[in-house]
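Here are some notes for a first look at this model. Please keep the structure open while reading.

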Amino acid sequence: MTLVTNRTLLDVAAGAGFGVGAFNVADLTMAQAVLDAARATDSPVIVETLAGSHPSGSDTVFWGLLLRLIDEYPEVPVALHLDHGPTFETCARAISAGFTSVMIDGSLDAAGRPASFAANVAVTREVVAYAHARGVSVEGELGTIGGSKDGTARAEIVLADPSEAAAFVAATGVDALAVAVGTSHGAYKFSAPPDGPMLRLDLVAAIAAVVPATHLVLHGSSSLPSPLRSRVNAAGGTVPSSWGVADEEKVRAIELGVRKINQGMDHYLAYTAGVREALAADPACVDPAVYLAAGRESAQRLLEERMVLFGQAGRAPLYR
Ligand code: 13P
């Protein structure tokens with residue numbers, strides 16, 4: 001078994017009651033860390049990537065290499081997912097390239113403001129018709145999940161409305177639904193340590209109750225562990241303090257019906273820590289084979305921990 005759709009992957013997870021991490025990858029070395037962690041923990045996994053968000057300069061090249069890499073892991077049930085597809089055209093390109101799942105993010109308009117419900121439904125529905133005709137799963141977004149790459153500009157967060165969820169799913173036919181419940185993307189989330197539950201998990205429960213056949217997705221799930229930030233900064237980084245989603249909240253979200261947990265920043269931090277430490281240990285080193293391998297190993301350790309936390313570890317046999 002190599003590639004499966006998100007629908008297949010998440011249907012099995014829902015039946016057995018576990019969550020599946022969807023891990024963003026920005027280069028092939030990081031993708032290998034995700035797949036090595038899945039192999040080591042016997043996990044199904046979702047590899048996800050954003051269009052244009054990689055150093056190769058060409059989606060066609062990077063996506064082709066990702067598919068070739070996944071071929072090396074026949075024992076790992078994998079879905080290859082496009083994260084936050086901004087347009088129908090981008091989703092169609094990913095489908096032609098061989099992705100088994102795409103997200104169409106119709107939650108924002110062209111100016112980056114929250115889109116109308118009708119506009120979101122229209123574009124999502126178009127992608128679903130195209131994708132389903134080609135055997136590919138689709139994720140939509142309800143509400144808007146804000147976030148910031150650099151801690152300055154932040155897109156507005158509009159929480160998902162349970163009363164709209166049933167109408168959105170009925171009108172679009174999505175397989176999975178990203179619900180805005182208070183998380184945000186990126187390395188800058190909450191400005192103080194959590195002093196209790198930070199997320200509106202009541203919304204997860206309310207939405208799960210009205211769309212039981214649709215898989216809920218928690219975006220912005222990174223925890224931003226301070227030991228990782230300290231490792232990056234001890235080796236020359238200047239990443240400011242920020243707090244993410246506590247492990248307990250992720251576990252509780254899975255119990256309440258979240259099936260796909262999106263994570264990028266935590267293993268980006270682990271990868272960067274490994275690379276920086278290798279370079280700091282040998283400032284004369286200019287060999288990417290050395291410092292990228294250190295990044296890969298550091299990321300893999302963190303990814304394995306998360307696969308255990310989400311409950312996907314040991315579940316690959318369910319797909320064989
Ligand atoms: P983080 O930014 O919290 O890692 O979440 C990633 C994500 O949600 C990608 O869609």
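Is threonine 90 buried or exposed? The points below take this up first, then move on to the barrel and the surface.

1. This is a predicted model. In it, threonine 90 counts as buried, because its relative accessibility is 6% and the cut-off for buried is under 20%.

2. Threonine 90 sits in helix α4, which covers residues 88-97. Its contacts include Ala51 and Leu82, once neighbours within four places in sequence are left aside.

3. Now the barrel. Eight strands close into it, in the order β1-β2-β3-β4-β5-β6-β7-β8. The pairing is parallel. From one strand to the next, the twist averages 25°.

4. Strand β2 spans residues 45-50, and strand β3 spans residues 78-85. Six bridges join them in the parallel sense. Glutamate 48 has histidine 81, in β3, as its bridge partner.

5. A helix packs on the sheet: α9, residues 247-256. Helix α9 touches β7 (215-218) and β8 (258-263). The direction of α9 makes about 145° with that of β8.

6. Last, the surface. Leu28, Val61 and Leu65 make a nonpolar patch of about 220 Å². Valine 61 belongs to helix α3, residues 59-70. Valine 61 has 45% relative accessibility, so it counts as partly exposed. That class lies between the cut-offs of 20% and 50%.

How values were computed: Residues are numbered from 1 along each chain as its sequence is written. This is a predicted model: local features need pLDDT of at least 70, side-chain atom pairs count only at pLDDT 80 or more; totals for chains, interfaces and linings use all residues. Side-chain values use heavy atoms; hydrogens and water are left out. Two strands pair if DSSP finds at least two bridges between them. Helices (H or I, at least four residues) and strands (E, at least two) are DSSP runs, numbered from the N terminus. Axes are lines fitted to C-alpha atoms, for helices over the stretch in contact, and angles run from 0 to 180 degrees between N-to-C directions. Contact means heavy atoms within 4.5 Å. Patches are made of residues with over 30% relative accessible area and no salt bridge: like charges are joined within 9 Å, nonpolar side chains (Val, Leu, Ile, Met, Phe, Trp, Tyr) within 5 Å. Accessible areas come from the Shrake-Rupley method with a 1.4 Å probe; for residues, only the protein chains shown count as cover. A salt bridge is a side-chain nitrogen of Lys or Arg within 4 Å of a carboxyl oxygen of Asp or Glu. Buried means under 20% relative accessible area, exposed over 50%, partly exposed in between (1.4 Å probe, protein chains only).
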